[in-house]
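Here is a friendly walk through one protein model. Keep the sequence and the 3D view side by side as you read.

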Amino acid sequence: YGKRAITRVYEDVIKMQAPMPGVTDPEAPPGYSCWHDFMRKELENVGIDLPKYRMGQCQIPRNIEKVDLFLNRILGLPLHVQSAFFEHFFQTYEATITVAKSEGKYDDAESGTTTNLAILRVDKGVTFDSAKAKLAEHRALGARAQGALPDVRHSDADSGFWIGRRKYFNTGYPLIVLAVETARRYQAGQHYGHRRWFRIIRPNNGDAVSMDYENLEIKYKRLDDEARTEHVWNFWMALCEKQKVGTAVKRIEFVTLVTGAVLPVWNLIEQAHQQHIKESGDEGVSVRKVRIVRAELSDAPRTI
């Protein structure tokens, strides 16, 4: 039923037919007259071949029903687009099952597959050696880009380790970050004075966020003493291993991963997730939604 739903969603996107009963199209983003045109462009950008009309006939790509290909490719979409598109897909999946039941053709034996639950220990931290390697890689990339891509301005002048201008909470230590400036495009003869942006990497959280130079300079100052940099970096690595300190998030977190035959239990997963939010008292707080992910495991067998 997942394969049938995928084909039907693709047909909806190219407007071969209207969505199935009970399925609603997401709203079109600004600049697009309808959701279908936007989604068609997004899917083509991540390498999904859609059905095409040629010589008055509809040509269906060979791999269109491959569920694993479908799930892997939509991971390349922006997160909010992923959520909207998967919601449309899951509504179509449920509608496909409803139609099969109404026709007396429904078979809930999902080809003998099972649903599995795994608890992943995720370490978001970045060691000092890894941070230095990231900085060196950034500088090497800049050196190559400077000559090969003349329309890209890649600066290293302010990329490096920055330390907070005050001690944080009662730790006795200031915060520390690795800031690397993002490459910027420009045209010859134009004024080059727009805001400069940096990717910010922290000892306890390698998920880089962006910060402009003005804010970076207000909150931090350059630190070129490698011994002190390593000492402060390692302090925050250790302190945040299992606890949150102010805005400094925990380095270690546990993530629940459901694998195998996921679609038949998707509603149960959503319900369990919402119940967990209520019981944990996190209602009204920014909470991660259930979503499709690809996890790279460091010390476990391959899981699908």
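Which residue with a positive phi follows α4? That residue is G104, and its phi is near 70°. Please remember while reading that this is a predicted model.

Now look at helix α4 itself, which covers residues 79–102. With 24 residues at 1.5 Å a residue, this helix should span 34 Å.

## Charged partners within a helix

The salt-bridge count comes to eight, and a few of these pairs deserve a visit. Start in helix α1 (residues 2–13), where D12 and R8 are four residues apart, a separation of about one helical turn. Their side chains meet in a salt bridge, at 3.3 Å from N to O. Is D12 buried or exposed? D12 is buried, with a relative accessible area of 1%. R8 counts as buried too, at 17% relative accessibility, because the cut-off for buried is under 20%.

Next, move to helix α2 (residues 35–45). Here D37 and R40 are three residues apart, again about one helical turn. They form a salt bridge in which the closest N and O atoms are 2.7 Å apart. D37 is partly exposed, with a relative accessible area of 23%, and R40 is partly exposed as well, with 24%.

## Charged partners across the chain

Some partners come from separate parts of the sequence. E226 forms a salt bridge with K132, and their closest N and O atoms are 3.1 Å apart. E226 belongs to helix α7 (residues 226–239) and K132 to helix α5 (residues 128–148), so this pair ties together parts that are 94 residues apart in sequence. E226 is partly exposed at 45% relative accessibility, and K132 is partly exposed with a relative accessible area of 32%.

Salt bridges can also share partners: D158, E181 and R196 are joined into one network in this way.

## Strands side by side

Find strand β8 (residues 197–202) and see what it pairs with. Strand β6 (residues 174–181) runs antiparallel to β8, and four bridges join the two. Within β6, A179 stands opposite I200 in β8.

How many bridges link β8 with strand β9 (residues 205–212)? There are five, and this pairing is antiparallel. W197 stands opposite D212 in β9. The two strands β8 and β9 form a hairpin with two residues between them. As you follow a strand, keep one idea in mind: in a regular strand, side chains alternate between the two faces of the sheet.

## Two nonpolar cores

The largest nonpolar core has 31 residues, and L43 and F85 touch the most other members. Helices α1, α2, α3 (67–74), α4 and α8 (266–280) each supply at least two residues of this core. Which helix gives the most to this core? It is α4, with eight residues.

Leaving aside neighbours within four places in sequence, L43 is in contact with Y10, V13, I48, L50, L77 and F85. Apart from this core lies another one, of 29 residues; among them are L175, V177, Y220 and A248.

Definitions and conventions:
Residues numbered from 1 in each chain as written. Predicted model: local features only at pLDDT ≥ 70, side-chain atom pairs only at ≥ 80, totals over all residues. Heavy atoms only, no water. Salt bridge = Lys/Arg side-chain N within 4 Å of Asp/Glu carboxyl O. Buried < 20%, exposed > 50% of the residue type's maximum accessible area, 1.4 Å probe, protein only. Expected span 1.5 Å × (residues − 1). Pairing = 2+ DSSP bridges. Core = buried A, V, L, I, M, F, W, Y, C linked by side-chain atoms within 4.5 Å. Contact = heavy atoms within 4.5 Å.
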